[in-house]
Amino acid sequence: MALHDQTRKTASGDSGGAASRDSSKAASDDSSKAASGESAEIASRLLAWYDAHHRDLPWRIAPRELARGVRPDPYRIWLSEVMLQQTTVEAVKSYFRAFVQKWPDVEALAASPTEDVMKAWAGLGYYSRARNLKACADLVARQGGRFPDTQAALRELPGIGAYTAAAIAAIAFDQPAAVVDGNVERVVSRLFSIATPLSEAKGDIRAYVERMVPATRPGDFAQAMMDLGATICTPRRPRCMLCPLRDDCSATVSGDPEHFPVRLPKAEKPLRRGAAFVAVRADGAILLRKRAEKGLLGGMTEVPTTGWTARIDGATTDAAAPFPGDWRPAGRIGHVFTHFGLELDVFKSVTEGAAPAGHFWSLAHEISGEALPTVMKKVIEAAIPGATKKQRPH
C-alpha cells in the first residue's frame with residue numbers, strides 16, 4: 001500500500017512538473033518572440049539612422065549605392081578590416097588609399113615583393129598583420145583571386161580571425177554574421193546594462209548581437225553598429241540625446257552610460273630599457289639592418305639596438321655599439337607597445353666605410369621609404385631631426 005501511495009505521488013508530481021514545464025516553455029516562447037520583435041525594432045531604427053548619418057569611408061559602399069546595385073569589393077573590405085585591427089579609422093584612411101592605388105586588386109598585391117608591402121605598411125603598427133596580409137593575398141591569388149564568402153572558409157586564410165571573418169562575410173557578402181568590435185561591445189554593454197566585466201562578457205555580447213542581426217542588410221547593420229559606437233556611443237561623454245536607440249538603452253535610463261562596459265583594473269605595463277645607435281655618413285646615409293622575420297617588429301628595418309625584448313632590458317650605454325666610434329648621446333625616446341613600454345637611449349656617430357655584415361647604408365632620400373616602424377623613426381629623428389621625412393635625391 002505504501003509503495004502504491006508513493007507511486008501515485010510520484011506520478012502526480014510528474015504530471016504537475018509536466019504542466020509546469022509546458023507553462024515555462026510557453027512563457028519562454030513568448031519571451032523569445034518578444035525579444036525577437038524588440039531586436040527587429042532596434043535593427044530597423046539603427047538602419048534608418050545609418051541611412052542618414054553613415055560615415056563616408058574610402059572602402060565603404062554607401063546605402064544609396066547598395067540600393068542601386070553597387071556591390072562591395074571583397075578585396076577592399078578585407079584590406080580595410082586587416083588594417084583596422086587595433087588601429088583607428090583616421091590612421092587607416094591614408095594607408096588604405098595608398099595601398100589600393102599601388103595594388104588595386106589581390107593579384108597585384110600578391111605579385112609585389114614582401115619588402116615593398118612592409119615598406120608601405122611602416123608606421124601602421126602590429127607588423128605581423130602585414131606579413132599575414134601578403135601571405136593571404138598570395139593564397140587567394142593562387143586560388144583564382146576570389147575570396148570565399150563564408151565565415152568558416154574565410155577563417156582558413158592567413159591573418160583572418162573570428163572578428164575579421166564575420167566582418168568580411170557581412171559587409172562584402174551580406175551574410176548574417178555577428179560582427180563585434182570594441183565599438184559594438186560598448187553599444188551592447190550600455191544597451192543592456194551588462195554588469196559582467198567586459199573580459200568575461202564577450203560571449204553574452206555576441207549572443208545579443210546575433211539576436212539583433214537582421215536577415216536583410218546585415219552588412220549595413222554591422223557598419224551601423226560600428227558607426228554608432230564611433231560617433232554617438234563614444235567612450236567618454238556619449239551623445240545619448242542623438243542616439244536612435246536611446247529609448248531602448250538601459251544605461252541611458254539609469255543615467256550612467258559611461259559606467260559601461262565594466263572593466264577590470266588594468267595591470268601596469270612593465271618598462272623595458274635599451275640603447276639604439278644611429279650611424280651616419282658624411283653624405284647623410286644611415287646604417288640600417290633588417291629584423292628577424294619572427295617576433296616583435298618581425299621583418300621590419302631598424303638601426304642597430306641592444307638586446308631588449310618584451311621580457312628583458314638591453315644594455316643602455318655606448319659600450320654595446322655595433323662598432324667602435326665616437327658615439328655621442330642624442331637623447332632618449334619612449335614608445336609604448338601593446339604589453340610593455342620602452343625607453344631607448346640614442347647615440348649618434350658620424351662614420352665612413354663599408355657596412356658591417358648584416359647591415360646596409362640607406363641614402364638620405366631613401367630613408368622615408370624604408371620599412372621603419374614608428375619606434376625607429378623616433379630614434380632616427382632624435383639623432384637627425386627631419387631625416388625620416390621625404391626628401392628629394394641630390
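# Reading a predicted protein chain

Q: How many helices and strands does the protein chain have, and how are they counted?
A: The protein chain has 14 helices and 6 strands. Helices (H or I, at least four residues) and strands (E, at least two) are runs assigned by DSSP and numbered from the N terminus. The model is a predicted one, in which local features need pLDDT of at least 70 and side-chain atom pairs count only at pLDDT 80 or more, while totals for chains, interfaces and linings use all residues. Residues are numbered from 1 along each chain as its sequence is written, and side-chain values use heavy atoms, with hydrogens and water left out.

Q: Which strands pair with strand 2?
A: Two strands are said to pair if DSSP finds at least two bridges between them. Strand 2, which covers residues 286–290, pairs with strand 6 (residues 359–362) in the antiparallel sense, over 4 bridges. Within this pairing, Ile286 stands opposite Ser362 of strand 6. Strand 2 also pairs with strand 3 (residues 301–302), again in the antiparallel sense, over 2 bridges, and here Lys290 is the residue that faces Thr301 of strand 3.

Q: What share of the residues in the protein chain is buried?
A: A residue is called buried when its relative accessible area is under 20%, exposed when it is over 50%, and partly exposed in between (1.4 Å probe, protein chains only). Of the 394 residues in the protein chain, 44% are buried.

Q: Is Thr388 buried or exposed, and which residues does Thr388 touch?
A: Thr388 lies in the segment after helix 14, a helix that runs over 374–383. Thr388 counts as buried because its relative accessibility is 11%. A contact requires heavy atoms within 4.5 Å. Leaving aside residues up to four places away in sequence, Thr388 touches Ile367, Ser368, Lys377, Ile380 and Glu381.

Q: Where is Leu139 found, and which residues does Leu139 touch?
A: Leu139 is found in helix 7. With a relative accessible area of 21%, Leu139 is partly exposed. Leu139 touches Leu157 and Pro158, when residues up to four places away in sequence are not counted. The C-alpha atoms of Leu139 and Ala110 are separated by 8.2 Å, although these two residues are 29 residues apart along the chain.

Q: What share of the contacts in the protein chain joins residues at least 24 apart?
A: If we take the contacts between residues at least 6 apart in sequence, 67% of them join residues at least 24 apart.

Q: How many cavities of 30 Å³ or more does the structure hold?
A: Rolling a probe the size of a water molecule over the atoms shows where empty space is left. On a 1 Å grid over the protein atoms alone, a cavity is a set of points where a 1.4 Å probe fits but cannot get out, whereas a pocket is an open set with protein on both sides within 12 Å along at least five of seven lines; lining residues have an atom within 4 Å of a point. Points are joined across faces, edges and corners, and a volume is the space filled by probe spheres set on them. The structure holds 2 cavities of 30 Å³ or more, and the largest cavity contains about 130 Å³ of space.

Q: What is the volume of the largest pocket, and which residues lie closest to its centre?
A: The largest pocket contains about 1000 Å³ of space. Of the 40 residues that line the largest pocket, Gln86, Thr87, Asp181, Gly182 and Asn183 are the closest to its centre. Helix 10 gives the most to the lining of the largest pocket, with 5 residues.

Q: What is the volume of the second largest pocket, and how does its lining divide by class?
A: The second largest pocket has a volume of about 550 Å³. Its lining consists of 22 residues, with Gly125, Tyr126, Leu296, Phe337 and Thr338 nearest its centre. For the classes, Ala, Val, Leu, Ile, Met, Phe, Trp, Tyr, Cys and Pro count as nonpolar, Asp, Glu, Lys and Arg as charged, and the others, Gly among them, as polar. By class, the lining of the second largest pocket has 11 nonpolar, 10 polar and 1 charged residues.
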